[in-house]
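Please look through the sequence and the 3D structure shown here before reading the notes, and keep both in view as you go.

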Amino acid sequence: MITLAEFMAAVEGVNHTPQLDPAQVSLSGGYVCDMLSDVMGSAREGQAWITIMKHLNTVAVASLTGIPAIVFAKGNAPDETVVEKAASEGICLISSPLDTFSLAGILYGMLHQLI
């Protein structure tokens with residue numbers, strides 16, 4: 001298990017929810033998907049969700065599934081409405097300039113102590 005802060009350092013992550021401390025968020029895995037219904041059916045509590053979607057529904061799905069962090073790939077950044085809702089739900093929002101493949105690979109490597 002790693003913390004979100006450790007993952008952020010490895011992926012040039014930017015925290016859009018400074019009210020929440022990424023060092024206090026533990027990650028047990030990751031899920032990469034841009035289809036909300038698939039995330040609802042397959043993502044697991046404690047996973048970081050890597051996506052390019054940045055609309056309000058992502059926060060609702062993360063909340064339903066117990067996802068503690070959404071990582072937006074390719075520099076995507078959420079608008080203020082999404083940030084406010086995520087903060088109120090206790091979900092960290094992170095942006096990285098890396099693509100989804102790279103983010104998933106780095107997360108896998110860190111979780112399996114390959115990096």
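The notes below take up a pair of packed helices and then several single residues. The model is predicted, and the values given here are all to be read with that in mind. Two packed helices are described by the angle between their axes and the distance between the axes.

**How α3 and α4 pack**

- Helix α3, which covers residues 56-65, packs with helix α4, residues 80-89, at an angle of about 15 degrees, and the axes of the two helices are 9 Å apart.
- Because angles under 35 degrees count as roughly parallel, this angle makes α3 roughly parallel to α4.
- The crossing that α3 and α4 form is a right-handed one.
- On the α3 side the residues that meet α4 are Leu 56, Val 59 and Ser 63, and their partners in α4 are Thr 81, Val 82, Lys 85, Ala 86 and Glu 89.
- Sorted by class, the residues in this contact of α3 with α4 are four nonpolar, two polar and two charged.

**The buried side of α3**

- The buried residues in helix α3 are Thr 58, Val 59, Val 61, Ala 62 and Thr 65.
- When α3 is viewed down its axis, these buried residues fall within an arc of 165 degrees, so they line one face of the helix.
- The elements covering the buried residues of α3 include the helix α2 (36-42), the strands β5 (47-51) and β6 (69-72), and the helix α4.
- After α3 comes Gly 66, a residue whose phi is positive, near 80 degrees.

- In helix α4 the residues Val 82, Val 83, Ala 86 and Ala 87 are buried.
- Around the helix axis they cover an arc of only 130 degrees, and therefore they sit on the same side of α4.
- These buried residues of α4 pack against helix α3 and against strand β7 (92-95).
- On the face of α4 that is turned away from the buried side, the exposed residues Glu 80, Glu 84 and Ser 88 are found.

- Lys 74, which has its place in the loop between β6 and α4, has a phi near 55 degrees, a positive value in a residue other than glycine.
- The relative accessible area of Lys 74 is 59%, and because exposed means over 50%, Lys 74 is exposed.
- Gln 113, in the segment after α5 (100-111), is a residue other than glycine with a positive phi, here near 55 degrees.
- With a relative accessibility of 71%, Gln 113 counts as exposed.

**Residues apart in sequence but brought together in space**

- Ala 5 has its place in helix α1, residues 4-10, and at 29% relative accessibility Ala 5 counts as partly exposed.
- Although Ala 5 and Pro 22 are 17 residues apart along the chain, their C-alpha atoms are separated by 4.7 Å.
- Leaving aside residues up to four places away in sequence, Ala 5 touches Pro 22 and Ala 23.
- Asp 21 is in the loop between β2 (14-15) and β3 (26-27), and with 43% relative accessibility Asp 21 counts as partly exposed.
- Asp 21 and Cys 92 are 71 residues apart in sequence, while the distance in space between them, taken from C-alpha to C-alpha, is 8.1 Å.

Note on methods
Residues numbered from 1 in each chain as written. Predicted model: local features only at pLDDT ≥ 70, side-chain atom pairs only at ≥ 80, totals over all residues. Heavy atoms only, no water. Axes fitted to C-alpha atoms, helices over the stretch in contact; angles between N-to-C directions. Helix = DSSP H or I, 4+ residues; strand = E, 2+ residues; numbered from the N terminus. Parallel < 35°, antiparallel > 145°, perpendicular 65-115°, else oblique. Left-handed = near helix turned anticlockwise from the far one by under 90°. Contact = heavy atoms within 4.5 Å. Nonpolar A, V, L, I, M, F, W, Y, C, P; charged D, E, K, R; others polar. Buried < 20%, exposed > 50% of the residue type's maximum accessible area, 1.4 Å probe, protein only. Arc of directions from axis to C-beta.
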